[in-house]
Amino acid sequence: MATPAIRTFRRLEGLFCVYKPRNVHWKLVRDTIETNLLKGVNATQLKYLPQVVHSLALPSGETETHRAPALSAAASVPVLAKHPLVTGPEFQHIQVGVGHRLDAFSSGVLVLGVGNGNMALNELYKTRVTRDYTLEGEFGTATDDFSHTGRTVERSTYDHITRDKLDRVLAMLQGANQKALLMYSNVDMKSQEAYEMAARGLLGPEGKSPPILTGLRCVRFQPPHFTLEVQCLNETQKYLCKVVHEIGLELHSTAMCKGVRRTRDGLFTLQDALTHHQWTPSDVKRAIYQYHSAKKMKNKRIKTSEGPEKETKEEATIP
């Protein structure tokens, strides 16, 4: 029979996401959540102790001249040998897995897995999962690591840069990445399979590939500052900072990245991310339940959309 602590742990197994603050290492985020979950799971066992029936001796009522027979009574008492203060905590460690990691410099959505959620985490990232980022850039300065934390290596003018010029460079970069996406997809672009995969948004590289930008646009342009929205595959935060640097070079200037924030990782968005004060067992359990519900709804929609197509194919084979 499962103990209360085990039942609580089973309700915590699954995937969820948190908001990683800037200038905080992802290991600190993971360790904090592990500690909170471990305390929450082990706290449940303090409320329940097994009972056992014992015979308790009553006062015999002796006198100088007469000795009364000893009496006893049955009573239910707790088994102190099962008390956590004797046995210690039931769970010594809870493994929390981390999905696509974020540098200390970056912030945003960080996906985590608890228990069997670690296996689901591995399966999730074997598929082509795209991620969205918001990049903050600044023209006029170049650094050795492409970010504002690096050593300045060059300064340049940026007065000649306009929104139209920036948009043209972004369109050129997106076109080059679109060709790379098709090249690494290992699918004949003239086939019906390629058309159906592209229509359903499933076209992507098979296995490992270089970082690929599937979407790139400017959402704010106030020189020297600008903000980009990026959708990508197989990226790293250093690569994204390098993209900002290369945009500056294409515009005959320089640029550095001042901030990287992940806004989406597969099905997980900023709206799903738990902030620091929500890294508790109850909030994690709620987030995991919401993820499972959203995943079931998505699978149901996919089956519904595939239904009419399958029926049409079956009808076409009937003589």
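Select Ser 147 and the residues around it. Ser 147 touches Phe 105, Cys 241, Met 256 and Cys 257, leaving out residues up to four places away in sequence. Contact here means heavy atoms within 4.5 Å. The model is predicted: local features need pLDDT of at least 70, side-chain atom pairs count only at pLDDT 80 or more, and totals for chains, interfaces and linings use all residues. Numbering starts from 1 along each chain as its sequence is written, and side-chain values use heavy atoms, with hydrogens and water left out.

**Stop 1: Ser 147**

Is Ser 147 buried or exposed? Ser 147 counts as buried because its relative accessibility is 4%. The cut-offs are under 20% relative accessible area for buried and over 50% for exposed, with partly exposed in between (1.4 Å probe, protein chains only). Ser 147 is found in the loop between strand S7 (141-143) and strand S8 (152-155). Strands and helices are DSSP runs, numbered from the N terminus: E, at least two residues, for strands, and H or I, at least four, for helices.

Then show side chains for Ser 147 and Thr 149. A polar contact of 2.8 Å joins them. A polar contact is a pair of N or O atoms within 3.5 Å; within protein, one must be able to donate a hydrogen and the other to accept it, and residues adjacent in sequence count only if both atoms are side-chain atoms.

**Stop 2: strand S11**

Select residues 255-265, which form strand S11. Of these 11 residues, 8 are buried, so the strand is mostly covered. Which strands pair with S11? Two strands pair if DSSP finds at least two bridges between them.

- S6 (residues 131-139) runs antiparallel to S11, with 9 bridges. Pick Phe 139: its bridge partner in S11 is Ala 255.
- S5 (residues 107-114) runs parallel to S11, with 2 bridges. Pick Gly 108, which stands opposite Arg 262.
- S12 (residues 268-269) runs antiparallel to S11, with 2 bridges. Pick Arg 264: its bridge partner in S12 is Thr 269.

Now go to the hairpin of S11 and S12. It has 2 residues between the strands, and Gly 266 takes a positive phi near 65° there.

**Stop 3: strand S1**

Move to residues 14-20, strand S1. Buried residues make up 6 of its 7. S1 and S5 run antiparallel and are joined by 7 bridges. For one of the pairs, select Leu 15 and its partner in S5, Gly 113.

Gly 14 is in S1. With a relative accessible area of 4%, Gly 14 is buried. Beyond four places in sequence, Gly 14 touches Leu 112, Gly 113, Val 114, Asn 116, Gly 117, Ile 288 and His 292.

**Stop 4: the nonpolar cores**

Select Phe 16, Val 18, Leu 228 and Ile 247. These have the most contacts inside the largest nonpolar core, which has 50 residues. Another core, of 8 residues, lies apart from it; among its members are Leu 15, Cys 17, Val 111 and Tyr 291. A nonpolar core is a set of buried Ala, Val, Leu, Ile, Met, Phe, Trp, Tyr and Cys residues joined through side-chain atoms within 4.5 Å.

Zoom in on Val 18. Its contacts beyond four places in sequence include Val 29, Ile 33, Gly 108, Leu 274 and Trp 279.

**Stop 5: helix H1**

Select residues 4-11, helix H1. Its buried residues are Pro 4, Ala 5, Thr 8 and Phe 9. They cover an arc of only 135° around the axis, so they sit on the same side of H1. The arc is that of the directions from the helix axis to the C-beta atoms. Helix H2 (26-43) and S5 are included in what covers them.

**Stop 6: Asp 283**

Finish in helix H8 (residues 281-317), where Asp 283 is found. Asp 283 counts as buried because its relative accessibility is 18%. A polar contact of 3.1 Å joins its side chain to that of Arg 286. Setting aside neighbours within four places in sequence, Asp 283 is in contact with Leu 274, His 277 and Gln 278.

**Zoom out**

The protein has 8 helices and 12 strands. Of its 319 residues, 36% count as buried.
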